[in-house]
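Subject: The structure, and what turned up in it

Hi,

Here is the structure I promised to send over. Have a look at it first, and then read on for my notes.

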Amino acid sequence: MRFQSQPRATAWFRPLGALALCALTACAGVLRSDSAPVPEHSYRLRQMTYPSGLKVLVEHDVDRPQVTVAMVVRAGSAQDPEDKAGLAHLLEHLVFRARYGRNDRAEPTVSRRLEHAGADHNAATGLDTTTYWSIAGADALPELLFLSAARLANPVSGISKRELDVERNVVVNELRQRNDTHGVGAALAAMQGVLFPQDHAYARSIGGTVESLQRIELEDLERFGRRYYAPSNVTLVISGNVELERAHEWVEDAFSHEQLNAKSPAPAPSSTKKMPARPREGDEITTIEAHVARPELWVGWVLPPDSKDDPYTPGVVSGQVNRQIRSAIAGHADRFVSADCGLSRGRQASMLLCVVSLRPGTDPERAASKVLDEVYRIWEFDSPKQAAAKNSQNRLAATVDAALQSEDPLWRSVDRARTLAAFGDAQMSNNRTTAISQMDQAKVSSFAAEYVSRKKARFVHVMPVSGELGAEPTVERGLVAADSSVVDPPRSAEDIKSLELAALNPSVRRVKLDNGALALLVPRPGPPLVSVGLLFRGGPSYFGPLGAGLLGDTLSYRQDWNEGSVVKDHGGRVHGLSGLDHSALVASGLSAHLEKFIAIAVQTAKSQGFDKQSLLRFRRVVVPILAKNEDQAYNVARRKLSATLYGDHVYGRRLSVEQWSEASFEDAQAWLSNTIHPGNAVLVVAGTIDVEEAERMVRRHLGAWTGSKATVDRERGSAPIPKLEKPVVHKVVLPGASQARLDLACRLPTVRREPANDLLHAALSLAINARLREEMGATYGIHGRAERLRGGSAALHLTTQIGNGDLTEALFQTRELWDNFADRLNGDLLERARWRVASRHANAIRSNQSLVQELLRRKNLGGGVTGYDRYLTRLAEVSAEDLLEAFAVCQRSTVLSLVGEPEVIDLGVAEGWEAILLEDSVGEPMVAEEE
């Protein structure tokens, strides 16, 4: 088929972070927009290239108390052997299991050493590169550099055949979990296959397949490591308050003389095929089945790779496609749920990919036409005046995007490493924002017209797996002992308290206004950026019936602000933070626009309201669309879990869309007047601000708002903790699923015990992750949180996805750990968990936006700013007895939720979860509730 519809339509979308591997920038430059210049904010750099070919770049950053290390290896999926796709990605995983020292098998793994150093770390495999990154306190730099050097010496040092088998299982689970990771899986592999010729290296799946992964042996990984993990093929970036004059001493202490001075040629590319003149022939929509929650349409284009002469145009075009699609999504909610767009770069070509989530029954050909119609608007304008306005808006948006991304030192380090690896020019990343702000938009439009065209678009339609579950390829399942090696003596309370400085304690000015509003002003060093957050405490769960709050919140200010001039005129980025117990937004952008952000936020809040006609239209048009989502398995499971955890309380009563949409007009208006008023407002400003001037702006705009001075009653949010006679199981059917989603949850003591609750969550996560991932390879990872809600209500959530073949054993192991946690809470587990919570807390607040969000959250819960300041001190004081007291509350309210193939989860519950009770003769078998 060919798409011939006229380029006039609207569509849908939101951005794809995981595929936008290159959207990382350094902040510098001058932006001519709205007469507001962006002052230069560059960093002193020192580049060192050693005789071995190793490139090292050091950035002197005194604005943040952490140090970051990023390493780029110029080898990715394109360098995989043809019959062993996924090798580079599997090697990236195994690097964290490697052991270095005199006796490799007795040494702790890289993962444990990074944990002990207090580092947050991760890695990513792309088409032609593998990137590793970490961030930690400044004293961890020697260890981070040692591990970087060891990685080059032998990336799979100390790895056994059994460990390879277990990590292979982990990667297979990651493939199945494509909807959560967005990086690998059947849909992306199919998209690569239609974009590139069959014999091109980029046509191979980045993550491989179950079959190709099974063909990989330890010798293959060692051979790959020797070839590509060589100093001549590696770029290293260090950022922090490091003396540039002494940077070589740090490197020479970590790396061997041979690694720095032995000359070795860079490995030749395994493929010499260049970017095809046009994508693979054929514009039919390829349809596949995969384990997705709803139908998806993948749309892709082949773009040229970055060149030193034009390094930024592909990324700018990708951002424009993203914004263009997103701006139109609301007009087609009957067909589209969401969409993500992003750029995946390679040395021979790049891929611009959009992933569109469709409503069931949507015609993929019509959906494809809508996508192409929207993209066409990037370079087609009705008049020169419209073109000039759009080009100015696009330039501002691209520049602000670049500046905001550069604020995070970790992202900035990764970008510098990738830029230096690709172009050999350290200064390019320092000048990126300037270059983007000065780009010729006519050139950008011409590039888009040539490469992001209707003719060159390719499509993959992904349908949920239908019918009976097919037999899974056989995967050899291994079991290895979890790493119990001791790196050094456990971190002490003094170590944890010393992280207070690294936790970015800001100086906060508290401004209490005569109208009852509260403002917090937080000056921070760094790029000329600011974030403004406006919170109204209580949210939909307060004042009147729950349905009234949900209706009023849905029809009120969030959409107006998101579509308003903050985004369109001033390059601001808006993030909604509303939940059951709060209504909030955060806007981030240039410090020069601070007063406009404050004024728009206040004015938008003051003007909230809706009439009966808009309510009727909402009920008639939007409610039927929203109601379709409620029957999806994961949504059903969430509602049942909340109802069991919180009972009849407002936090547990998840009304259906039809129920809350039928709330009366008068009740919804009453909710608005009781919630959106100055006495209930908290405004937080953080960034490079003049505090005195910022206070005058706040008083001028927020202080002039007249209205109620009353705040909300916190106690309404206090939900009784259920005392269940036995753990409850919810089973929700998802036919054809290759994995079961497992949610293990319980209620916790009051939110005022925050450090103890966080510590309990970390200890349980460590114990379960060690068993299910490190020992069994049954899951890609354990996620979750210690949830805190207004009024003191708190809950623990642990979430993972388990392959069908491992579910019974995984449930058995999880239940055994759960029932015997008190016996397993030894000193090592407790102190590991304490240090993990402390280091993550210290590393978390790297951007203005994250700081604003944290302060808004604390003010909604009724806490003060000093509560954040003293968090680590209180964490160091939590005892094992405190933890066991919290876990005793948790055990009395345990809920297990499973979503998956009915026969698989039935068997898992019967022979795994309940078997512990039967074998140990503790209590009675559980009664499972089925959906």
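To start with the helices: are H1 and H4 parallel, perpendicular or oblique to each other? Please keep in mind that this is a predicted model. The axes of helix H1 (residues 87-95) and helix H4 (residues 161-176) come within 10 Å, and they cross at roughly 120°. Angles of 65 to 115 degrees count as roughly perpendicular and those over 145 as roughly antiparallel, so H1 and H4 are oblique to each other. The crossing in which H1 passes H4 is right-handed.

If you want to find this contact on screen, look on the H1 side for His 89, Leu 90, His 93 and Leu 94. On the H4 side, the residues are Glu 163, Leu 164, Glu 167, Arg 168, Val 170, Val 171 and Glu 174. Sorted by class, the contact of H1 with H4 has five nonpolar, four charged and two polar residues.

Now to the salt bridges. The count for the model comes to 46, and I picked out a few for you.

One of them joins Asp 743 to Arg 741, with the closest N and O atoms 3.1 Å apart. Buried means under 20% relative accessible area, so Asp 743, at 11%, counts as buried. Arg 741 has a relative accessible area of 21% and is therefore partly exposed.

Another salt bridge pairs Glu 754 with Arg 788, and here the closest N and O atoms are 3.1 Å apart. This pair links distant parts of the chain, as its residues are 34 apart: Glu 754 belongs to helix H28 (residues 754-775) and Arg 788 to strand E20 (residues 783-788). With a relative accessibility of 6%, Glu 754 counts as buried.

A further salt bridge runs between Arg 785 and Glu 787, whose closest N and O atoms are 3.0 Å apart. Arg 785 is partly exposed, at 43% relative accessible area, whereas Glu 787 is buried, at 14%.

Finally, some salt bridges share partners, and in this way Glu 754, Asp 758, Arg 788, Glu 854, Arg 857 and Arg 858 are joined into one network.

Happy browsing, and do write back with any questions!

Best wishes

Methods: Residues numbered from 1 in each chain as written. Predicted model: local features only at pLDDT ≥ 70, side-chain atom pairs only at ≥ 80, totals over all residues. Heavy atoms only, no water. Axes fitted to C-alpha atoms, helices over the stretch in contact; angles between N-to-C directions. Helix = DSSP H or I, 4+ residues; strand = E, 2+ residues; numbered from the N terminus. Parallel < 35°, antiparallel > 145°, perpendicular 65-115°, else oblique. Left-handed = near helix turned anticlockwise from the far one by under 90°. Contact = heavy atoms within 4.5 Å. Nonpolar A, V, L, I, M, F, W, Y, C, P; charged D, E, K, R; others polar. Salt bridge = Lys/Arg side-chain N within 4 Å of Asp/Glu carboxyl O. Buried < 20%, exposed > 50% of the residue type's maximum accessible area, 1.4 Å probe, protein only.
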